[in-house]
Amino acid sequence: MNRDKTFGPVCPIPISDYPVVLLAHGGGGTLTGQLMDKLFMAAFDSPQLRNKTDSALLTVNTDKLAFTTDSFVVSPLFFPGGNIGSLAVHGTINDLATAGAKPLYLSAGFIIEEGLSMTTLWDIVVSMAETARAAGVSIVTGDTKVVERGKCDRVYINTSGVGIIEHNLSIGPSQICPGDNIIVNGDIGRHGMAIMAARESLGFKSKIESDAASLTGIVQTLIDAGIEIHCLRDLTRGGLASAANELAAASDTTIELDESKIPVDSAVAGFCEVLGIDVYHSACEGRMMIIVPEKETNRCLEILKKNELGHESAVIGRVTDSKSTPVVMVSAVGTRRVLSMLSGEQLPRIC
Amino acid sequence: MKFIDEYRDANAVKRLADKMASVVARDWTLMEICGGQTHAIVRFGIDELLPDKVTLVHGPGCPVCVTAALTIDTALDLAARPDVIFCSFGDMLRVPGSGKDLLTVRAQGGDVRTVYSPVDALAIAKDNPDKKVVFFAIGFETTAPTTAMAVYRAAQEHVANFSLLVSHVLVIPAMESILSSPEASIDGFLAAGHVCTVTGYYAYHAVAQKYNTPIVVTGFEPLDLMRGIYACVSQLEAGKSEVDNQYSRAVKPEGNLPALKMIDGVFEICDREWRGLGTIPASGLKLKQEYAHHDAELIFDLKPSVPEESTVCISGRILQGAAKPPQCPAFGTACTPEHPLGATMVSSEGACAAYFKYRLLSKR
């Protein structure tokens with residue numbers, strides 16, 4: 001094909017900067033953002049993509065649907081609190097749930113390395129089935145590819161999901177207003193550190209369990225109670241910091257967080273200190289930011305705390321209209337600083 | 001969390017800041033040596049809590065930052081070789097030499113592995129007898145003992161395929177270099193707490209005396225830093241220049257004797273080039289002759305060429321405390337953590353990276 005500059009599309013990421021894809025391009029931080037904005041968005045441009053939400057919102061006749069997809073490549077395959085299968089189901093359900101949709105149907109695509117133990121695959125699949133059942137979701141279609149040994153790391157799973165929006169609330173970054181409060185439904189950073197602890201040969205005995213969970217039930221409870229939710233965002237790769245920065249950018253507001261109010265498990269905090277990793281950049285898989293108007297805050301918090309996925313819910317900050325910095329962190333000693341997105345790959349420091 | 005919460009107590013920090021404001025009468029410039037301290041100061045905004053008369057400047061104590069570009073180019077050369085497994089602390093992976101970094105070498109097929117200890121690299125060598133395993137040994141006296149331990153064990157156990165690219169550096173020669181520089185005017189030092197856990201602080205007495213400069217061994221939490229700064233300012237106001245330990249929960253005067261013995265057994269002192277500072281005499285550690293067969297620079301055929309460094313970047317002046325990151329014309333524009341031009345932007349503990357991460361206002 002003729003790739004002459006005049007006729008064909010030209011890769012908009014300067015090749016001199018990144019001649020090859022780095023791991024950091026998949027880390028959920030600034031390089032991932034660049035890849036999205038400059039490469040995928042440039043090629044696939046559509047009104048839904050431009051919304052930059054985890055789920056695309058579609059109207060079919062009069063029905064409002066949410067549609068999303070996610071791929072899972074986690075190593076180790078099994079970790080305290082879950083496995084690649086349960087994660088693949090939770091992750092896609094959460095993208096739908098935080099779009100305000102009730103998840104209905106999932107697909108499951110497998111890329112399997114030859115030699116994977118059949119028992120391992122069975123355990124993963126059973127876990128997916130149980131997770132989906134518990135969330136009231138059906139896995140209705142799928143695909144399997146097997147590749148030669150060494151061409152992938154045991155098994156990768158892609159899930160796509162469809163959900164229906166059965167309310168008249170408009171939930172999304174565009175609804176975020178100065179004065180809104182920001183709630184999180186529990187302690188943050190646990191999934192990232194559970195994986196790190198299980199993966200790295202650190203010689204630590206860790207009891208850190210992933211927070212992976214399906215958020216559909218807890219979101220549905222808020223919607224059923226008529227809470228005027230402005231925005232929901234599940235915290236995944238890149239953690240609280242990346243989610244907060246994305247929302248601040250998408251809503252053109254400033255998000256102000258109080259460090260002393262953000263719930264962090266002490267084992268997770270300790271692990272982060274030792275590795276030199278910022279807990280606000282550590283992944284979660286069962287946590288979300290819930291952004292509500294001030295008048296709804298107390299009622300929302302009460303409902304959340306009654307839910308098993310929300311006992312530790314806390315108001316961690318607020319939305320302001322000072323547009324100087326996307327996310328401001330009020331530190332434990334009362335000073336103010338920038339909370340930036342994860343830049344590049346999460347690397348432990350040396351001393 | 002114990003040992004964290006009580007040292008991040010906002011009221012205690014505030015009380016100490018108020019107390020300092022009541023004793024300080026003259027202008028003082030203090031330098032914190034360690035990059036970990038710089039990071040904590042900027043992260044917690046400690047400098048914003050200080051009286052106007054007390055200024056903090058940031059020192060050269062980030063080993064990742066000061067590793068010479070030439071050494072990093074050597075690392076990139078080794079890491080790209082098909083028969084090499086190159087092991088490094090995570091932070092070194094995105095430090096550019098002249099052009100690319102270890103992450104790029106890995107993406108292009110080099111076997112580059114992150115380890116948390118040189119002893120892990122030794123284990124990799126034992127598991128891969130058909131490969132040459134090289135560990136990138138960087139850091140101050142904090143990391144030197146574990147490097148020494150790995151070499152010692154490799155020699156004992158005859159692990160012939162294990163070698164080290166050594167770029168260890170020493171704190172005191174750097175302090176003396178800064179004190180002798182016409183560029184900087186430092187009234188007092190906050191010594192690097194974690195280095196002192198190994199070295200102790202006897203050797204600081206001579207420096208404090210020679211340069212008439214108080215040196216306070218200081219920790220890394222907000223209250224630790226405030227205590228260190230307060231103790232240093234109190235000495236300056238009283239006309240003293242003594243060595244004081246404000247991190248006694250971790251630091252003993254004599255340091256860690258077995259660790260020091262291990263360093264002495266394996267390393268000898270050498271001149272070392274520091275990125276941004278140039279060559280400082282007797283400021284580095286290299287393997288002794290008896291461990292030469294584990295020295296990657298001696299056993300590999302290396303043809304290093306002198307790398308080109310940015311002419312805009314002022315990291316050398318920043319590392320000496322003569323300038324602050326926002327004074328650099330490239331800061332936050334041509335130079336960012338993803339595209340660092342100089343030493344102080346490359347590591348999360350570099351002064352420029354800390355300012356970029358916590359201080360830069362968005363330009364939207």
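Over which residues of chain A does pLDDT stay under 50, and how many contacts beyond four places in sequence does the model have for them?

**View 1. Confidence along chain A of the predicted model.** In this predicted model, pLDDT stays under 50 over residues 1–8 of chain A, and for this stretch the model has four contacts beyond four places in sequence. Over chain A as a whole, the mean pLDDT is 90, and 91% of the residues of the chain reach 70 or more.

**View 2. The contact between chain A and chain B.** Chain A brings 31 residues to this contact, and chain B brings 39 residues. On the side of chain A that touches chain B, at least two residues each are supplied by α1 (30–44), α8 (266–275) and β14 (336–338) of chain A. Of the elements of chain A, α8(A) gives the most to this side, with four residues. Sorted by class, the side of chain A that touches chain B holds 14 nonpolar residues, 12 polar residues and five charged residues.

**View 3. The crossing of helices α8 and α13 in chain B.** Helix α8 (residues 144–156) of chain B and helix α13 (residues 257–266) of chain B have axes that come within 8 Å and cross at roughly 55°. α8(B) and α13(B) are therefore oblique to each other, and their crossing is left-handed. From α8(B), the residues B:Ala144, B:Pro145, B:Ala148, B:Met149, B:Val151 and B:Tyr152 meet B:Ala259, B:Met262, B:Ile263, B:Gly265 and B:Val266 of α13(B). By class, the residues of this contact of α8(B) with α13(B) comprise 10 nonpolar and one polar, with no charged residue.

**View 4. Domains 1 and 3 of chain B.** The domain assignment divides chain B into domain 1 (5–61 + 179–245), domain 2 (65–170 + 255–299) and domain 3 (315–358). Taken over C-alpha atoms, the centres of domain 1 of chain B and domain 3 of chain B are separated by 21 Å. Their contact takes 15 residues from domain 1 of chain B and 14 residues from domain 3 of chain B. On the side of domain 1 of chain B that touches domain 3 of chain B, the elements giving two or more residues are α2 (35–44) and β2 (54–61) of chain B, and the largest share of that side, six residues, comes from α2(B). The class make-up of the side of domain 1 of chain B that touches domain 3 of chain B is six nonpolar, seven polar and two charged residues.

Methods: Residues are numbered from 1 along each chain as its sequence is written. Chains are lettered from A and ligands numbered from 1 in the order in which they are written. This is a predicted model: local features need pLDDT of at least 70, side-chain atom pairs count only at pLDDT 80 or more; totals for chains, interfaces and linings use all residues. Two residues are in contact if their C-beta atoms, placed from the backbone, lie within 7 Å. Ala, Val, Leu, Ile, Met, Phe, Trp, Tyr, Cys and Pro count as nonpolar, Asp, Glu, Lys and Arg as charged, and the others, Gly among them, as polar. pLDDT is the predictor's confidence in each residue, from 0 to 100. Axes are lines fitted to C-alpha atoms, for helices over the stretch in contact, and angles run from 0 to 180 degrees between N-to-C directions. Angles under 35 degrees count as roughly parallel, over 145 as roughly antiparallel, 65 to 115 as roughly perpendicular and the rest as oblique. A crossing is left-handed if the near helix is turned anticlockwise from the far one by less than a right angle, and right-handed if clockwise. Domain bounds come from an automatic or database domain assignment.
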